[in-house]
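Biologist: Please take one part of this model and look at it closely. I would like the salt bridges, and then the strands around them.

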Amino acid sequence: MTRDQKAPVCVLGTGLIGGSLLRAAAAAGYPVFGYNRSRAGVTAARADGFDVDDDLPGVLGRAAIDDALIVIAVPMPAVDHILASVATFAPDCVLTDVVSVKAPVAEAVRKHGLAARYVGGHPMAGTSESGWGATDPELFRDAVWAVGVDPGTHADPWRRVARLALDCGSVVVPVVAEEHDRAVARISHLPHVLAEALAIAGTGGGPLALGLAAGSFRDGTRVAGTAPELVRAICEPNADALLAVLDETLTVLGAARDTLAEDGSLADLTRAGHDARNDYETARRWEITDVHPGDHDWLERLREAGRRGGVLTTVNP
């Protein structure tokens, strides 16, 4: 295989993220095939011309023969079963995932003896929809894709995973598992919890409140439209980090409640929130150009660059 040829990609799980990845990788010129547990999902993918099967050993046997990059795209509760099958049928394949937490996946990978070929991944993209019917080859366009730089990560598998992310239209943020999980607890998992609580509060006002609801309620509750079992699969594996930021947020809300009760004022909350939103709006990414996989201390240097807002838009061969 020449450097310009793209090795096959095998996606295990063809829901919103996995299915969109299958579509995006195909559009980028990768040979693609996949597995889905649901026969209905298999039928839907095949109807759109994609090579998807519900025979997991068969799909993994093919991945082993083709030296495919295997992408785990199932919810966290199903990861252990998938890894056990990978360890049996395709233990030498490069392995990544698109699960929303990284430390629990990395621990499961180590347990199954697959760490040497594993690189964690998490595209920061999605919708409140699910299933093959919601898939979109443009889902990752201009998105951020976290790619693991944990100690022990090898350069060649890392390049394959990062190139796939880039070819799907994303930019790559290098990050280690624990720091990733603490960050996404704040900007992904906590918003899910708050959206659920806000939706409950709105419904508590009855038909009048819901009849008056407009943009702020709609936008604030958007992700509450996600299937409850998917929200649990996203948030619960990151319980420690989520509990910490929930406690922090409850402290902020408690202080706001106290000042409103005592002084009739929300000034502190609104000023701090407005400033924080401006921080988000004005944050600027910068391109990492001086670190290459395999360089001396490349993992630590990429980790530090990612902490400071750096992204990769290319990966050298």
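**A salt bridge and its surroundings**

Modeller: Arg23 and Asp48 join their side chains in a salt bridge, 2.7 Å from N to O. The two residues come from distant parts of the chain, 25 residues apart. Arg23 sits in helix H1, while Asp48 sits in the loop between helix H2 (39–47) and strand S3 (52–53). This is a predicted model. Arg23 counts as buried because its relative accessible area is 17%, under the 20% cut-off. Asp48, at 43% relative accessibility, is partly exposed. Side chains of opposite charge can pair when their charged atoms come close.

Helix H1 (residues 16–27) also belongs to a right-handed β-α-β unit, together with S1 and S2. S1 (residues 9–12) sends Val9 and Val11 one way and Cys10 and Leu12 the other. All four are buried. In a regular strand the side chains alternate between the two faces of the sheet. S1 runs parallel to strand S2 (residues 32–35), joined by four bridges. Val11 has Gly34 as its bridge partner in S2. S1 also pairs in the parallel sense with strand S4 (residues 69–72), again over four bridges. There, Cys10 has Ile70 as its bridge partner.

Back to the charges. The structure holds 22 salt bridges. Another one pairs Arg303 with Glu179, with closest N and O atoms 2.8 Å apart. This pair, too, links distant parts of the chain: Arg303 is in helix H13 (residues 298–307), Glu179 in helix H7 (residues 177–203), and 124 residues separate them. Glu179 is buried, since its relative accessible area is 18%. Arg303 is partly exposed at 22% relative accessibility. Both belong to a network of salt bridges that also includes Glu300, Glu304, Arg307 and Arg308.

Arg271 forms a salt bridge with Asp268, with 3.0 Å between the closest N and O atoms. Both lie in helix H12, three residues apart, about one turn of the helix.

Leu266 lies in the loop between helix H11 (239–263) and helix H12 (267–282). Its relative accessibility is 38%, so Leu266 counts as partly exposed.

How values were computed: Residues numbered from 1 in each chain as written. Predicted model: local features only at pLDDT ≥ 70, side-chain atom pairs only at ≥ 80, totals over all residues. Heavy atoms only, no water. Buried < 20%, exposed > 50% of the residue type's maximum accessible area, 1.4 Å probe, protein only. Pairing = 2+ DSSP bridges. Right-handed = clockwise from strand over helix to strand, strands pointing away. Salt bridge = Lys/Arg side-chain N within 4 Å of Asp/Glu carboxyl O.
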